[in-house]
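Here's a quick briefing to read with the model open beside you. Have a look at the fold first, then work through the points below.

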Amino acid sequence: MRTLKYTADKSFEGKKASSLLTHIGCSREIIKMLKNGGLLINGSPAFTVQLLKENDVVELVFPDEVSSAVPKEIDGVEIVYSDEDIAVVNKPPDLPIHQSVGHYDDTLANHFAAVFPNCAFRAVTRLDRNTSGLCVVALNKLSAAIMCQNRPQKLYYAICQGLTPPAGSINAPIARECESMIKRVVRSDGQEAVTDYKTLKSFDNKSLLEISLRTGRTHQIRVHLAYIGHPLLGDDLYGGDRGEIGRHALHCGYIKLAHPITKKVMEFERGVPEDMERCLNK
């Protein structure tokens, strides 16, 4: 169970408790949940329509939850940071985040069900199965709601084929390929997609890039780099060579976020995993 306390300042004098809840980031779903015994004012059960006075102590009570995933710890998953509200994890490649057909007990959701048994699994940032690196998970409903409105900043590191310019921006709309449920293409009727990159190192007709996204489309980095003629190493779906690495060479190595409850700015970094490191060392 997670309990959070807030003190109403003078600006909330005479206003409904729901106005303070909205102010701190509660969604309509959370406010509806708090109506059923999850709201206390000065230690007593209260309704969201109750009028506040200055210095009233408003408590939000979030009960324990049960994950829908089967609890199972997964080798290679590193919990970089955790508290009562968020967790930051370094995900290895070849690990799906969510359960799907064929992936019932081998996902990040399964690992979290084992490590955080009293929390539902709410991934705030997501990575493709074969993309490694940092992702953020909210450990209660309020953290998830706040972070969905104020998403973390991410930097990716990629090894692509060919020698890229020192820096660039790719602005090209992305759509689903008509005959595929998985593959995406650059097409004029697609959704806006913008990718910024800078070249950190060029070697052996390959380039190491640092990438940031202004939009978050499915396969955006992979599609955009293939579009400019520099597919990710190992990304055979989009024309990459698998001779040196068995998956697309993409890693989320940096995340910056404002903690949803304390508002503290936090930064996390993790270097590329062994398979990408081997490509760089070659």
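Which residues make a nonpolar surface patch of about 320 Å²? Met181, Ile182 and Leu237 do. Keep in mind that this is a predicted model, where local features need pLDDT of at least 70, side-chain atom pairs count only at pLDDT 80 or more, and totals for chains, interfaces and linings use all residues. Residues are numbered from 1 along each chain as its sequence is written, and side-chain values use heavy atoms, with hydrogens and water left out.

**Surface patch**
- Patch members have over 30% relative accessible area and no salt bridge, and nonpolar side chains (Val, Leu, Ile, Met, Phe, Trp, Tyr) are joined within 5 Å.
- A salt bridge here is a Lys or Arg side-chain nitrogen within 4 Å of a carboxyl oxygen of Asp or Glu; areas come from the Shrake-Rupley method with a 1.4 Å probe, and for residues only the protein chains shown count as cover.
- Leu237 sits in the loop between α5 (220-227) and β15 (250-258); helices (H or I, at least four residues) and strands (E, at least two) are DSSP runs, numbered from the N terminus.
- Leu237 counts as partly exposed because its relative accessibility is 31% (buried is under 20%, exposed over 50%, partly exposed in between).

**Nonpolar cores**
- A core is a set of buried Ala, Val, Leu, Ile, Met, Phe, Trp, Tyr and Cys residues joined through side-chain atoms within 4.5 Å.
- The largest one has 44 residues, and Leu108, Phe112, Phe121, Ile211, Leu225 and Leu257 touch the most other members.
- A second, separate core has 24 residues, including Phe12, Ile30, Ile41 and Phe62.
- Setting aside neighbours within four places in sequence, Phe112 is in contact with Ile79, Ala87, Val89, Pro117, Phe121, Val137 and Leu139 (contact means heavy atoms within 4.5 Å).

**Open sheet**
- Four strands make an open, antiparallel sheet in the order β1-β4-β2-β3; two strands pair if DSSP finds at least two bridges between them.
- β1 (2-7) and β3 (44-45) are at the edges with a single partner strand each, so one side of each has no neighbour in the sheet.
- β2 (residues 39-41) is joined to β4 (residues 57-62) by 3 bridges, with Leu39 opposite Leu60.

**Pairing around β13**
- β13 (residues 194-203) pairs antiparallel with β10 (residues 167-171) over 5 bridges, and Ile170 faces Thr195.
- β13 also pairs antiparallel with β14 (residues 206-213), over 8 bridges, with Phe203 opposite Lys206.
- The β13-β14 hairpin has 2 residues between its strands, and Asp204 takes a positive phi near 50° there.

How values were computed:
Buried < 20%, exposed > 50% of the residue type's maximum accessible area, 1.4 Å probe, protein only. Patch = residues over 30% accessible without salt bridge, like charges linked within 9 Å, V, L, I, M, F, W, Y side chains within 5 Å.
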